[in-house]
Every structure is written in C-alpha cells, then in structure tokens.
Amino acid sequence: PPGGSVEHRNDPSVEISPHADAIADMEDERYCFIVEWLDPHSGLTMRYQMLYGPADCSVEMYDIKNRRPFLKKTRIPTVTMDTLHMGAVVTVYSRQLKIVEYGDAHTENAFSLARQSTLCVVKPGAVHLAGKVINAAQRSGFAVARVKMASLSRDDAADLIRSSSSSSSSDPSGVAAELATGPSVGVALVGDNAVDSFKRLVETELVPALGDCVWCADSAADADAKTSAYFAKPASSRLSNTSLAIVKPSAMANLGLVMDAVCDAGFAMTGAASFTLDRVDAVEFLEVYKGVVPEFAAMVDELTSGAFVAMEVARSEDGGSGGENGVVEALREACGPADPEIARVLRPQSVRAKFGFDKVRNAVHCTDLPEDGELETHYFFKILQA
C-alpha cells in the first residue's frame with residue numbers, strides 16, 4: 001500500500017504518507033527480554049531470550065541453554081506493550097513466562113521509565129472502592145500488573161510507608177495505624193513515569209472524588225521494594241459462606257469496572273488475588289464442565305491466555321457473620337446467563353451483559369452450585385497459595 005511498505009519509501013512515483021517513517025520504524029522495532037519458565041514435569045527453570053515486535057504483536061524465542069531457536073516468529077495477540085514490564089508474567093501457548101531481565105540496552109532504555117512500576121494500596125475502610133480506584137488508573141493509561149487483598153500488621157504498615165531516605169518510624173498522620181486496621185487491596189500499576197503520574201492522579205482525581213482512600217509509593221527508588229514486600233503477604237480470605245468470581249483474562253482491560261459492578265450488586269470483597277494458570281491447573285479447576293459444555297476446550301484456552309483476578313465475595317448485608325445467605329445463587333444471578341447475548345435480553349444490567357463478548361469471553365466465571373462455593377474459593381485462596 002502507498003506509504004505503508006518499506007520498499008516504496010524511495011520511489012518518487014508513490015505517494016508517501018507523512019507518517020511513513022514512523023510506521024516503518026515501528027515495523028522494524030524489536031524489544032528483547034530474558035524470560036524464565038518453570039517446567040512442571042522436570043521442576044527445572046528454563047531461560048529464553050524473547051524478542052517482541054510491537055507492530056504485529058509477534059514473539060520469537062531462543063533457548064539460551066541449548067543455543068537453538070525455540071519458537072519462530074509468531075503473532076501472540078495477548079502479548080502487548082502493556083503486558084511487558086519487569087517481573088510480568090506473559091502467556092505464550094499456555095506457558096507462563098516471567099520477565100526477569102532486559103535482553104539489551106535498547107530495551108532497558110525504552111522500558112525503564114516508560115514501563116515504570118508503582119504501588120497503590122486501597123485502605124481497609126475503602127476496600128469497597130477498589131474497583132473505582134482501579135478503573136480510574138486504567139482510564140489514565142496505567143496497566144494493572146497485580147492485585148492482592150492482604151492484611152498488614154502495624155510493623156508491616158510502618159515499614160511500607162517509611163521512605164528509604166528516612167530511618168524514622170514515626171507515623172504522625174496515622175497512616176500505618178490505618179493500614180493495619182484490616183485487609184487492604186494492593187495494586188501494582190505500570191505506566192509512563194508511574195510513580196509521579198499516579199501521585200498526581202490521587203491528588204487531582206481520587207481524593208476529590210473518593211476521599212482519602214489510598215496510599216501510594218512516594219518514590220521510584222522505593223516502589224519496587226514496597227511492591228515486593230506487599231505482595232509477599234498471604235492473600236486475605238474468609239473461605240466460609242462465600243463465592244468465587246473470576247475476572248477473566250479477556251476482561252482485564254475492564255477490571256475496575258467489573259469489580260465495581262460486582263460490589264454494586266450487593267457483594268463485599270473478602271479476598272482478591274491475581275493468578276496465571278497453566279493448562280493442567282485450568283483443566284483441573286474447570287473439570288466439572290468437561291463433557292457438559294461444548295466450549296470446554298475454549299474455556300481452558302481463555303483461562304490460560306493471561307493473568308486474571310479471582311475475587312472471594314460475601315453478601316454485603318451479612319456483616320461478615322458468615323451465616324447461610326445464598327451468596328452463590330445471588331452472585332450467579334448478578335453475573336447473568338453465560339451467553340452475553342442472552343444476558344443482554346434477559347438480564348441487561350448483569351455483569352456479563354455489560355462486559356461479555358461471547359459464551360467463552362463472557363467477562364466472569366462465577367461459582368454455579370452452592371456446594372462448590374467453598375471448593376472454588378479454597379482452590380484459589382488456599383491450595384494455590386500453598
């Protein structure tokens with residue numbers, strides 16, 4: 001096409017687009033990362049060089065140990081610029097690959113500031129606002145790297161808010177005490193100049209709209225260490241008279257909106273964590289659907305296509321008492337029919353009606369049967385946490 005192909009750029013008979021050079025540069029661009037994959041059979045950690053082409057979302061991989069190509073250039077639509085940052089886990093053909101190093105100076109220079117990380121902690125008294133906070137971050141261009149609901153001790157909270165440039169343990173504003181009053185929601189965010197950009201978002205949008213509901217990392221020097229410290233804590237959960245909602249990989253771009261929709265439907269979040277599943281674990285979790293629904297294989301593909309967030313929820317009105325309250329049935333009704341097209345007709349205000357695409361990419365998985373509520377929450381918040 002005129003102006004869109006590199007070989008036409010010096011041909012005077014072809015009309016050149018004013019953006020041709022930029023397009024060509026993007027087509028030629030490649031970023032290099034070192035990734036690791038834990039082989040579940042051998043228990044060995046394999047290291048690969050991964051080349052990424054942003055123009056076509058292509059991935060190439062080279063086996064470092066055996067010095068041979070591992071994957072020829074292949075388009076992987078789920079691997080995008082937003083998913084690439086230090087410590088991220090990307091999924092390539094059901095393999096969860098963790099980015100552990102930049103592969104060259106060009107990639108490090110391009111990503112060190114543009115893909116900077118920061119930590120946001122939604123305070124215990126504002127957990128019900130976590131969806132709104134995440135949605136504001138996503139609308140402002142941040143990518144959500146990880147989410148976890150965790151409880152901090154007073155010492156943990158004091159360490160979290162202490163600046164690396166200060167040895168003082170004083171807490172004149174009472175932030176540490178506030179963070180230690182109950183479970184909070186930690187959100188690892190990635191974006192351009194993330195630390196300063198998110199601080200501005202807090203000051204200009206979150207505080208005026210939602211009040212003093214979050215604490216965030218104050219400096220780039222501290223952000224990575226504080227994020228690691230928070231996410232090292234075990235995920236909070238109740239594991240009794242609760243149900244499970246999974247924001248599927250294909251709906252993660254709307255994570256904040258989906259979480260908010262679930263809470264607005266009358267549910268309190270009692271646990272939350274990000275996960276990536278390999279095919280074995282996904283098949284195990286979805287086994288009840290095998291031979292029952294024709295989309296089973298596609299459901300496994302969806303759940304292994306990238307990171308997702310699992311939420312443990314209880315009915316808001318139970319006040320944390322844990323009594324029998326039909327939470328599984330209520331959540332299933334709030335999520336709506338599995339087919340979003342049917343949901344838009346029968347339950348137009350349901351989560352799947354608003355955010356689903358088709359029967360597989362239908363925004364959320366929710367527990368179907370009352371007797372499975374504890375089984376599914378235990379699977380994610382106890383078995384996979386072990």
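This briefing covers strands, one surface patch and salt bridges in a predicted model. Local features need pLDDT of at least 70, and side-chain atom pairs count only at pLDDT 80 or more, while totals for chains, interfaces and linings use all residues. Residues are numbered from 1 along each chain as its sequence is written, and side-chain values use heavy atoms, with hydrogens and water left out.

**Strand β7**

- Buried means under 20% relative accessible area, exposed means over 50%, and partly exposed lies in between (1.4 Å probe, protein chains only).
- Strands (E, at least two residues) and helices (H or I, at least four) are DSSP runs, numbered from the N terminus.
- In a regular strand, side chains alternate between the two faces of the sheet.
- Both faces of β7 are covered. Gln116, Thr118, Cys120 and Val122 are buried on one side. Ser117, Leu119 and Val121 are buried on the other.
- β7 pairs with strand β9 (residues 184–191) in the antiparallel sense, over 7 bridges. Two strands count as paired if DSSP finds at least two bridges between them.
- Gln116 has Gly191 of β9 as its bridge partner.
- β7 also pairs with strand β10 (residues 214–216), again antiparallel, over 3 bridges. Here Val121 is partnered by Trp215.

**Six-stranded sheet**

- An open sheet of 6 strands runs in the order β4-β3-β2-β1-β6-β5, with antiparallel pairing.
- Its edge strands are β4 (68–75) and β5 (89–92), each of which pairs on one side only.
- From one strand to the next, the twist averages 35°. Axes are lines fitted to C-alpha atoms, for helices over the stretch in contact, and angles run from 0 to 180 degrees between N-to-C directions.
- β5 meets strand β6 (residues 95–102) over 4 antiparallel bridges. Val90 stands opposite Leu97 in β6.

**Surface patch**

- Ile342, Val345 and Leu346 make a nonpolar surface patch of about 310 Å². Patch residues have over 30% relative accessible area and no salt bridge; like charges are joined within 9 Å, and nonpolar side chains (Val, Leu, Ile, Met, Phe, Trp, Tyr) within 5 Å. Areas come from the Shrake-Rupley method with a 1.4 Å probe; for residues, only the protein chains shown count as cover.
- Val345 belongs to helix α12 (residues 340–346). Val345 counts as exposed because its relative accessibility is 66%.

**Salt bridges**

- The structure holds 15 salt bridges. Each is a side-chain nitrogen of Lys or Arg within 4 Å of a carboxyl oxygen of Asp or Glu.
- Glu178 and Lys123 meet at 3.3 Å, N to O. Glu178 is in helix α5 (residues 175–179) and Lys123 in the loop between β7 and α3 (130–139), so the pair ties together parts 55 residues apart in sequence. Glu178 is partly exposed at 32%, whereas Lys123 is buried at 4% relative accessibility.
- Lys132 forms a salt bridge with Asp260, with the closest N and O atoms 3.0 Å apart. Lys132 in helix α3 and Asp260 in helix α8 (residues 255–264) are 128 residues apart. Lys132 is partly exposed at 32% relative accessibility; Asp260 is buried at 13%.
- Arg347 and Glu333 form a salt bridge at 3.8 Å, N to O. Arg347 sits in the loop between α12 and α13 (351–355) and Glu333 in helix α11 (residues 327–335), so the pair joins parts 14 residues apart in sequence. Arg347 is partly exposed at 32% relative accessibility.
- A network of salt bridges links Glu36, Arg47 and Glu101.
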